[in-house]
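Welcome, and please open the model in your viewer.

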Amino acid sequence: MANIKSSGKKKVSKAEQLRLQKEEEERRLKEEEEAQLQAQQEEAARLEKERIEQEQMEKLVAIDHERRVSELAELHSLEQNFLSAQQWKTDCRAYAKWEHYLSCDGSPDPTVLQEINTFMSLWREDQNKDIQLVMEKGEQVLNLIEKLQFLLLDTLPSEITEKETVQYQESILELQNLLHQKYNAATEQLLKTASRYEDSETGNMQRVIKDKNVTFCIWANLKKKVRFKKHVFCDAQHGFDLPKSLAVSSVAVRILHTHYDHVSPLWLQCQSVLKLEVLDSKELIQLSKGHVEEPEEEEKKAREEPSMPAEEVYSDGRKSAVSLKENSNSTGDINETQEETETQSEILGMASQVQDPLIHEETNEKEEAITDENIVDLQQLVPVGGVYHIDALQLPPQVKQIKDWSMVELLDVGLEAYPYPPEEAEDATHSPIQITLRLSDNVLYFEDPVIARWDPAGQQWRTDGISNITYETQEKCITFEMGGFHTVALLQNAHLNMPYQAWELRPTGVDEALLTVTTVFAVIHIQIKGSQCMLSSAVVEEKDVLSHITGKWISPVNLRAALKKAGVNIFPGEYSHKYVSVHKKAPLAEVRAYQQMALVASAFAFAWSKWNLEAGQEQVVFKVSEHLKTDSVKDWSLYMFNGQKAQKLKITEASEAFSEELEEDSEFHSTLYHMLKDFASKEAIDKVGRASFLFVDVVYQLLLATRVLTYS
């Protein structure tokens, strides 16, 4: 009976099952209906939100288009700073020529072909071969070369003809060759009287003569004793260890360390980055008046505007000379003040220090690839610390005293190289020469330098033929062996300090600012004041370095040259994009950002933002803060700019993800200047209006030179 009851409780009737199934089905349908209704409501809400946002966006775009012409006109008025700066430079060059003419000091004007040729001819004919006089004259020659290089780098293409460019380059090469010839003549003269400078201990001749440009070391093997085959020039700490065959020969060894590089191709010495041209505001005003395009279409057209760079033009000679002139394209049908517009486009896009990697990747595919791994790629590795001319020389006949007579055999053969290895022993093994060089204290080597020798036949630096290299970091000495005597240089990766880890530009006073670039190895502080700038400090491993160039007010072009010469390169070159992993930015966005940042740099601070990497190729993102007092705390906001549209972003540097959403109650503007104006104080805008055109131009040049928006 119990078992029957138990089984009855477990059994569910068919009717009950149907009822339960029906209830389950009704519940499922109800849930689906509720979910569908919720989805519909959410979709409706989303569409409504999108509609409202679209309406707001269209309203903002319409407002932006309405005021676009007036904003560009106001920007164009500010951009007159660049024209004024260029006119000031032109006037300065003219004034300098006039002052030079009035001075009548006997020094030539290097830009006047007749004067520079006369100067060189007179020095060639001068038979005074005293090494001290050569060094003194050499400093004058180096100043002339520096003036010509500065003109090639700092003059607009419209202000220098192709003929003048080639003339300046040829003058540079001739001056360099003449200077080296004079050092050879002085060397020959010293060797003819080597016996006068016998060392009391070894009986051999050794001298070290140096100034700020050259260290001249000469040793003559007068006694020909094997035990004196090794020598160190104490005053210079350069040295050598000769094979025994040379130690018993009439040979002299010269180590001529020039703290400059007159061996590498001229394009490397006068390296300027190619021009990147974009429409200036005057042209944009004309286009905006003529027709109003959709923003996307307008931006696309403007981005396609940069002109293709002209091919490099090389001249024959000891090394290549490259024309620094560029082609420029004018855009649009502009009748009003056409000449002024073209000039301004040239100034705004000029580079003295910028180029577009996108353009070069497409147009320079034809450049010859370096297939021989021993040939140095000078786009990647550059000589720093000057050049070391290491020569074995024939020791000329020495003066002999016979009673009261001094007799010497005269040979009219000039300075002769001593052949090593001997020509008859080319296939045989021969002992190498060991060389020790003391590195310059004025140069920073962040890694062990690469040693290369100059190949005169191929006109290139090579790394083969050099072995057993030992680099002593603390002593700053490098020792190596070579199979023969060569001109050598110490090379360093040109892009060690790229990409930058961070950067900041902030005003520090009236027409004063500080640009800080932080790299893996160094922190560089560049002070800007009026028409000049200076390295205020360079910090490596928490120590101040480069005291020899710190605190000196110079032009941006000269500062760039001084830092690169000291081994600190924070200036991307023409092909740097091939060697540095960077997030490329469109020319339109990058160059316009530099222009407009410079225009407002007297009252606003700018800095690196991590979101610049996420913003894509067509736009740049950076931090901005009004900064009127040196000790004020920066209240950073993020701004995005694509060259034609500026906006303030809602996100902060601490946000979890990138978003282009606008800051609440903010609008679009055609320029960065007007975008900042919406949130700026009247005092800040007034300060921008009072900024010196020279200050604006220097800030712009440094931003172009460092390209912080691409190489950070």
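This is a predicted model: local features need pLDDT of at least 70, side-chain atom pairs count only at pLDDT 80 or more; totals for chains, interfaces and linings use all residues.

Select β17 and strand β22 (residues 604–607): the two run antiparallel and are joined by 2 bridges. Strands here are DSSP runs of E with at least two residues, and helices are runs of H or I with at least four, both numbered from the N terminus. Two strands pair if DSSP finds at least two bridges between them.

Residues are numbered from 1 along each chain as its sequence is written, and side-chain values use heavy atoms, with hydrogens and water left out.

Strand β17 (residues 502–509) pairs with β18 in the antiparallel sense over 7 bridges. Their hairpin has 2 residues between the strands, and Asp511 takes a positive phi near 55 degrees there.

Which residue of β18 stands opposite Leu505? Pick Leu515, which lies in strand β18 (residues 512–518). The C-alpha atoms of Leu515 and Leu505 are separated by 4.5 Å, although the two are 10 residues apart along the chain. Leu515 is buried, with a relative accessible area of 1%; buried means under 20%, exposed over 50% and partly exposed in between, with a 1.4 Å probe and protein chains only. Leaving aside residues up to four places away in sequence, Leu515 touches Glu504, Leu505, Ile524, His525, Ile526, Leu702 and Thr706. Contact means heavy atoms within 4.5 Å.

Next, show the side chains around Leu505. The largest nonpolar core has 71 residues, and those with the most contacts inside it are Leu505, Phe604, Phe606 and Phe622. Such a core is a set of buried Ala, Val, Leu, Ile, Met, Phe, Trp, Tyr and Cys residues joined through side-chain atoms within 4.5 Å. Helix α17 (residues 693–706) gives the most to this core, with 9 residues. Click on Phe622 too: not counting residues up to four places away in sequence, its contacts include Trp503, Phe606, Tyr639 and Leu709. A second, separate core of 43 residues includes Leu242, Ile255, Val443 and Ile466.

For the next stop, select an open sheet of 5 strands, in the order β3-β4-β11-β15-β14, with antiparallel pairing. At its edges stand β3 (230–233) and β14 (466–472), each with a single partner strand, so one side of each is left without a neighbour in the sheet. Inside the sheet, strand β11 (residues 433–438) and strand β15 (residues 477–482) run antiparallel, joined by 6 bridges. Look for Ile435, which stands opposite Phe480 in β15.

Finally, select helix α4 (residues 113–125) and helix α6 (residues 162–192), whose axes come within 11 Å and cross at roughly 10 degrees. Axes are lines fitted to C-alpha atoms, for helices over the stretch in contact, and angles run from 0 to 180 degrees between N-to-C directions. Where do they meet? Among the residues in contact are Phe119, Met120 and Trp123 in α4, and Leu175, Leu178 and Leu179 in α6.

To finish, zoom out: the chain has 17 helices and 25 strands, and 50% of its 712 residues count as buried.
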